[in-house]
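Below is a short briefing on strand pairing and salt bridges. The sequence and the structure come before the notes.

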Amino acid sequence: MRALRSLMVLLVLATLALPASAIVPALIEKLALGEYEDKVAAITELLAADDESALGFLQALHDGTVQIVGGNQVLIVKDDAGIDAISGKSVAPLPEEREDVVVNNRLRRELASAIAALKLASQDRDTRMAAAKALQNGADEEMLPLISKALAKESDADVKNLLTLLAATLQLQSKDAATRLAAAKALASSSNPNTKALLLGLLEKKGNSYAEPDAAVRAEAQSSLKAVESRLSTGDRFGQIFTGASLGSILLLAALGLAITYGLMGVINMAHGELIMVGAYSTYVVQNLFRAQAPGLFDWYLAAAVPAAFAAAALVGMALERSVIRFLYGRPLETLLATWGISLILIQAARTLFGAQNVQVENPVWMSGGIVILSNVVLPYNRIVIIGFAFAVLLAVWLLLTRTRLGLFVRGVTQNRAMAGCVGVPTARVDTWAFGLGSGIAGLAGCALSQIGNVGPDLGQSYIVDSFMVVVLGGVGQLAGTVYAALGLGMANKYLEAWSGAVLAKIAILAFIIVFIQKRPQGLFALKGRMAEG
């Protein structure tokens, strides 16, 4: 068994060392036996020759697996097997007297940069991207020809952007003003946020002189800076629109159920946030069941979590309406206090069942990552899915309210409860089903929220006030008003956060809603019907 293992190691080492044998032996001796300056010179020579066959030996030197025998023989040694670095032949048995080639931190940085530069020619896109990122802080002017050659061949936009910035950074260090001018001009097409800092460095003034002595280069840098800032600001605006839509979709899910229950029965349900929490914990339980019972189907656990979250929250809401709220109709203050007490009970129940600490709900693989629109704008897949999910739920609720018998009853009771009862609508049963529907939608909101953050007993407390603001601003009982209010508040909140910070943004939005309701108490959309008119 030991002999087989040694044979396998020898095969691996042979694969690693065969390309190294193409290196000029004198360079191998310099890298292994020379002084620090000799080793750096040998690395520079290999880079100038763009010798990809040097990768194996340079990597071995970087990893500390190069040894010297007798003061002149260079071996690549791993475990108990060795390869002659010059001839590529296996060496067995290994000589007893061997010395490790000492690689200090400075040389190791030089080796890492050289390896990354040579990897720019790799066929694998991820390898090239990793190499370009590794060179961001370690490249020097000697690598510029290699980087320029890789840039000319590069077809991937992301890698090309990094290489363009890297090449321009090195060219700006040139003593030739024409080279620096060309580099400053090339940076105008960059969308990398680091480009802005690089150009600002050229325009920086130190005492009575500029960091960039040539006026033409400074003028070109100023022009490129304006182009880059314009592109980045466009990306920032797009990012704000997306995050605003994302926040608006979350507010829509959180407020949609409340719009039904509050609009139908006038119940100020302070436990609505805890119904969101019930949906989130239901998703957590389903996730754990899939992980334990069907790990191969884990990436599809949300297909079961969505109906489970709806059902769990709906059942809790219907039990709440049957046992407490039904006896408090017409007494809003008592209903508010009772539901607030129930919210505390539900929070404590969650702490007892799941613990006081937050629990984590993992995203499926297809919801991980994001779409890179610009270098400063990434649209996460989980947020995109939640936006789509929110509008799918909105469409389902609209169809339910406008195309089903239950929806007809709900709308009838909302507009005139007494008249609906007179024509045979079972108003008490409609109250229960409507409250269950609104609670189930809150559970769906909890399922969505579990995909963008941790789940804890206090999850719903963060959304109850915002949900009421959305419902009141949109118009009590008005589905369209809830949509406009949720998206509007989401967009406004993100724009104000960028301008004044999160706290002042919340205060400004609250002040606006107070003033708006003073001027238009019915909200954006007023109820229609005899009850509303009366």
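Arginine 351 and aspartate 458 form a salt bridge, with their closest N and O atoms 3.3 Å apart; a salt bridge here is a side-chain nitrogen of Lys or Arg within 4 Å of a carboxyl oxygen of Asp or Glu. This pair links distant parts of the chain, 107 residues apart: arginine 351 lies in helix 14 (residues 332-354), and aspartate 458 in the loop between helix 18 (427-449) and helix 19 (464-474). The model is predicted: local features need pLDDT of at least 70, side-chain atom pairs count only at pLDDT 80 or more, and totals for chains, interfaces and linings use all residues. Residues are numbered from 1 along each chain as its sequence is written, and side-chain values use heavy atoms, with hydrogens and water left out.

**Salt bridges**

- The count of salt bridges comes to ten.
- Arginine 351 counts as partly exposed because its relative accessibility is 33%; the class lies between buried (under 20% relative accessible area) and exposed (over 50%), computed with a 1.4 Å probe on protein chains only.
- Glutamate 334 pairs with arginine 331 in a salt bridge whose closest N and O atoms are 3.2 Å apart.
- Glutamate 334 has 40% relative accessibility and so counts as partly exposed, and arginine 331, at 38%, is likewise partly exposed.
- A salt bridge joins the side chains of glutamate 497 and lysine 494 at 3.5 Å, N to O.
- Glutamate 497 and lysine 494 are three residues apart in helix 20 (residues 479-500), so about one helical turn separates them.
- The relative accessible area is 27% for glutamate 497, which is partly exposed, and 23% for lysine 494, also partly exposed.
- Salt bridges link Arg125, Asp126 and Asp156 in a network.

**Strands and hairpins**

- Helices (H or I, at least four residues) and strands (E, at least two) are DSSP runs numbered from the N terminus, and two strands pair if DSSP finds at least two bridges between them.
- Strand 1 (residues 66-69) and strand 2 (residues 73-78) run antiparallel and are joined by four bridges.
- Opposite isoleucine 68 stands valine 74 of strand 2.
- Three residues lie between strand 1 and strand 2 in their hairpin, where glycine 70 takes a positive phi near 65°.
- Strand 2 is also joined to strand 3 (residues 81-84) by four bridges, and these two run antiparallel.
- Lysine 78 has alanine 81, in strand 3, as its bridge partner.
- The hairpin of strand 2 and strand 3 has two residues between the strands, and aspartate 79 takes a positive phi near 55° there.
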